[in-house]
Amino acid sequence: MRIRRILAAVFATAALAGLGLTGAATATAGSVTPASVTPGECTDGGGTIDRSTPVLPTCRGGMHDGQTVD
């Protein structure tokens, strides 16, 4: 009887620890954005390349709005 309780506690702890690691990895992966995009990525994401910006062209509209194009 005592062994069953210990095993149940071990499995429950392992399950909760696994959920915690999965949530942390998902939160980290979702917040990563590239510093710049290629012209193809800009247009594939629904944007257009604005070459009137002073330093580097910028992607306008779509998924990569406001990112520089290299």
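How many disulfides does the structure hold? I found 1 disulfide, a disulfide being a pair of cysteine sulfur atoms within 2.5 Å. Before going further I noted that this is a predicted model, in which local features need pLDDT of at least 70 and side-chain atom pairs count only at pLDDT 80 or more, while totals for chains, interfaces and linings use all residues. I also noted that residues are numbered from 1 along each chain as its sequence is written, and that side-chain values use heavy atoms, with hydrogens and water left out.

**Entry: the disulfide.** The disulfide joins C42 to C59, with an S to S distance of 2.1 Å. Since C42 lies in helix α2 (residues 39–44) and C59 in strand β3, the pair ties together parts that are 17 residues apart in sequence. The torsion about the S-S bond of C42 and C59 is about 90°, so the disulfide is right-handed. I then looked up the burial of the two cysteines, and both C42 and C59 are buried, where buried means under 20% relative accessible area, exposed over 50%, and partly exposed in between, with a 1.4 Å probe and protein chains only.

Entry: H64 has its place in the loop between β3 and β4 (68–69), and at 15% relative accessibility H64 counts as buried. Leaving aside neighbours within four places in sequence, I listed V37, E41, C42 and C59 as the contacts of H64, contact meaning heavy atoms within 4.5 Å.

**Entry: the salt bridge.** I found 1 salt bridge in the structure, defined as a side-chain nitrogen of Lys or Arg within 4 Å of a carboxyl oxygen of Asp or Glu. The partners are R60 and D50, whose closest N and O atoms are 3.3 Å apart. Because R60 lies in strand β3 (residues 58–60) and D50 in strand β2 (residues 48–50), the pair ties together parts that are 10 residues apart in sequence. At 38% relative accessibility, R60 counts as partly exposed.

Entry: T58 is found in strand β3 and counts as buried at 8% relative accessibility. T53 lies in the loop between β2 and β3, and at 18% relative accessibility T53 counts as buried. Beyond residues up to four places away in sequence, T53 touches T58 and R60.

**Entry: the whole chain.** I read 2 helices and 4 strands in the protein chain, which follows the pattern α-β-α-β-β-β along the sequence. Buried residues make up 14% of the 70 residues.

**Entry: confidence.** The mean pLDDT of the protein chain is 79, and 67% of its residues reach 70 or more, pLDDT being the predictor's confidence in each residue, from 0 to 100. Where pLDDT is low, the predicted coordinates should not be read in detail.
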